[in-house]
Protein chains: 2
Amino acid sequence: MTTRPPLTPIIDALPSTVPFVGPEAQQRASGHVFRARIGANESSFGPSPRVIARMQEVARDMWMYCDPDNYDLRMALAAHLGLGKDNVAVGEGIDGLLSLAVRMYVSPGDAVITSLGAYPTFNFHVAGVGGRLVVVPYENDRESLDGLLEAVKREKAPLVYLSNPDNPMGTWWESDELIRFMDALPQTTMLILDEAYGETAPASALPPVEVERVNLLRMRTFSKAYGLAGIRCGYAFADAQVIANVEKIRNHYGVSRMAQIAGLEALADQSYLSSVIARVAAARDRISGIARENGLAPIQSATNFVTVDCGRDADFAMKVMQNLLGRDVFIRKPMAPVLNRCIRISVGLDHELDVLAEELPAALAAARAN
Amino acid sequence: MTTRPPLTPIIDALPSTVPFVGPEAQQRASGHVFRARIGANESSFGPSPRVIARMQEVARDMWMYCDPDNYDLRMALAAHLGLGKDNVAVGEGIDGLLSLAVRMYVSPGDAVITSLGAYPTFNFHVAGVGGRLVVVPYENDRESLDGLLEAVKREKAPLVYLSNPDNPMGTWWESDELIRFMDALPQTTMLILDEAYGETAPASALPPVEVERVNLLRMRTFSKAYGLAGIRCGYAFADAQVIANVEKIRNHYGVSRMAQIAGLEALADQSYLSSVIARVAAARDRISGIARENGLAPIQSATNFVTVDCGRDADFAMKVMQNLLGRDVFIRKPMAPVLNRCIRISVGLDHELDVLAEELPAALAAARAN
């Protein structure tokens, strides 16, 4: 047997797993190109034309390293949020920031609380530091604030994750309910509040921006409503001391020059963002209508996707998804118990939803026949 | 006193430090724009025109997530290297890959071997996992292979870092000497061989590409000769099992769609790369000439920079650098003992080296007078 450099016990014990299989991999496997790419909660509406023009303009400057301070973008985000620059950190998408937050607060064996079926990439990073995931079931298709709180206290967890609005269900809590939850949270427990879908949520679902709560780390992204998933740019805001600790371990050159410039320009074009939010709402309505026409039950959503209750068990929903994939319609579905009776459809352009409307009846019929 | 969520002991103990201060921060502080940006070992020659055109073309596609497998780029890199796809990992620059490698092999308290004055970002990431840095002095301005080997054995270190060609000195070892070093290395010690400057080195400095050595992890980048520092794209190649372990902890969506596409196109334009390599060599010669004309001693370099012995102590070299910075010429210098008698000047465009030639005499005179 070959002698090898030993891995750390934590890494050695990790399974070979990936948080997501990308649509590119599915296309490579099938040999087909998806006719509708409405599975990864991307924004088919794309980034602002101003952002596209700016990226084209600066492409030739990419020989220069990015600013490791992310200064211009942090200043703009701080102004946008009404905070100081020291309250803002920028990362390689929310994913990158989750990895750092987990490293900051989770020692091997520590309990980390999340919901059963919530964001797999968070779980992936918790496993990566040897954390012990403790999961709380959804209640009525929403993350259970009471359940999360109870688990935090029971496990004396240093970290709890909550997405609001929620992925994969699209549901949300109102701000006053979240504040009640945060007020009840032990001060020694850090809450990651993932607001990736904050822009498409009702204003009433977003707690006021403040950084007085030293156990709150909020994260947002340019990947969803801003239409820049491929550029990898997310941000966190919190008490300055929390942000200063992020600085201690982040990859200082991790956010590309292109991402910083694109984020800056995207933030400056709030009128484009407003237009996208309106298009997202219209597309959600259309997806819901298509679902109802096919006898399915769309769940009300504050995100850029609609999760649809297929009305039977997990096997059935899986068949519906697979039948759509087989018809070159890329969608995904929740996998955890109870949630797994659903499929999840991201908003898309009219012609993509036309394809959905066209293919869903046959996909359902085949699932029922099977 | 406010109660806060406790940091992990490792993060809590970390100093607030950053690996590098970027030129943008220096410009913000001085209020001036650098007339010559020749300090960060970027490529002023820029990326290939084909790469620029391709980035402009795909800017509008950035609403799509990147392929988390980095499939196309890994396939192209594998073909380029004569390896399999499973021997290649792509990351957010070499920096991102170093962070992962450290997490894979270093448990808190483990010794990690590097050279005194070598790449600070590696040290930053070692500190970030609670590793214990053990540094070996350079010998004759080269990293000391014998010294590194002795330290590895003495400390039973799981990880050793070597840059070849070296940054910040520009020196290098020939392949046969490296192979002797690798043959002598304990099989339980992983060697990170950082070949960021591999493209500008003589072919004789690069060991043959092979992945039979299970304790060797080589890293290269699109940041240097390929002129894409701002896009954040580096790669590692190694035995497939090593790469499979990288997969367990990396940020799967960390390398942007733009970076993957730019890297792919850059790799395809090897004739542009050749032209850059020739321009780098010419610019090194010119920098060396300017140094000699001013009574300084350039050190022979295999990289895209020239490190120049200023012939006196560290204070003097520091003054020379500061005087150049004060004249809006961005350069850097080594900071570790012995090396710190030098300044480091990156290759640049003719007009940038004109500025250097113009300003260096006065910068030296002021340093001597002071």
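E359(B) counts as buried, at 12% relative accessibility. In this predicted model, the side chain of E359(B) meets that of R35(B) in a salt bridge, 2.8 Å from N to O. The two belong to distant parts of the chain, 324 residues apart. E359(B) sits in helix 13 (residues 350–369) of chain B. R35(B) lies in the loop between helix 2 (23–30) and strand 1 (36–37) of chain B. R35(B) is partly exposed, at 36% relative accessibility.

## Other salt bridges

Side chains of opposite charge can pair when their charged atoms come close. Over all chains, the count is 46 salt bridges. One of them joins R218(A) and E195(A), with the closest N and O atoms 3.1 Å apart. R218(A) is in strand 7 (residues 216–221) of chain A. E195(A) is in the loop between strand 6 (190–194) and strand 7, and 23 residues separate the pair. R218(A) is buried, at 1% relative accessibility. E195(A) is buried too, at 0%.

R341(B) pairs with D141(B), at 2.7 Å between the closest N and O atoms. R341(B) lies in the loop between strand 11 (329–330) and strand 12 (342–346) of chain B, and D141(B) in the loop between strand 4 (132–136) and helix 7 (145–155), so the bridge ties together parts 200 residues apart in sequence. R341(B) is buried at 17%, and D141(B) at 14%. Salt bridges with shared partners also join E24(A), R37(A), E42(A) and R257(B) into one network.

## Chain A as a whole

Chain A has 13 helices and twelve strands. Its radius of gyration is 21 Å, close to the 21 Å that the globule rule gives for 370 residues, so chain A is as compact as a globular protein of that length. Its C-alpha atoms fill a box of roughly 60 × 55 × 50 Å along the principal axes. Of the 370 residues, 65% count as buried. The accessible surface is about 12,800 Å², and 52% of that belongs to carbon and sulfur atoms.

## Two copies

A rotation of 180°, with 0.0 Å of shift along its axis, superposes chain B on chain A at an RMSD of 0.0 Å. The copies are thus related as by a two-fold rotation axis. In chain B, Q56(B) comes closest to that axis, at 2.2 Å (C-alpha). Of the interface residues of chain B, 100% are also interface residues in chain A, so the copies meet through the same surface.

## Cysteines

There are zero disulfides over all chains. The sulfur of C233(A) is 11 Å from the closest cysteine sulfur, in C66(A), too far for a bond. C233(A) is buried, at 0% relative accessible area.

Notes. Residues numbered from 1 in each chain as written. Chains lettered and ligands numbered in written order. Predicted model: local features only at pLDDT ≥ 70, side-chain atom pairs only at ≥ 80, totals over all residues. Heavy atoms only, no water. Least-squares fit on C-alpha atoms with pLDDT ≥ 70 in both. Contact = heavy atoms within 4.5 Å. Disulfide = S-S within 2.5 Å. Buried < 20%, exposed > 50% of the residue type's maximum accessible area, 1.4 Å probe, protein only. Helix = DSSP H or I, 4+ residues; strand = E, 2+ residues; numbered from the N terminus. Rg over C-alpha atoms; globule rule 2.2 N^0.38 Å. Areas by Shrake-Rupley, 256 points an atom, 1.4 Å probe, with all protein chains shown as cover. Salt bridge = Lys/Arg side-chain N within 4 Å of Asp/Glu carboxyl O.
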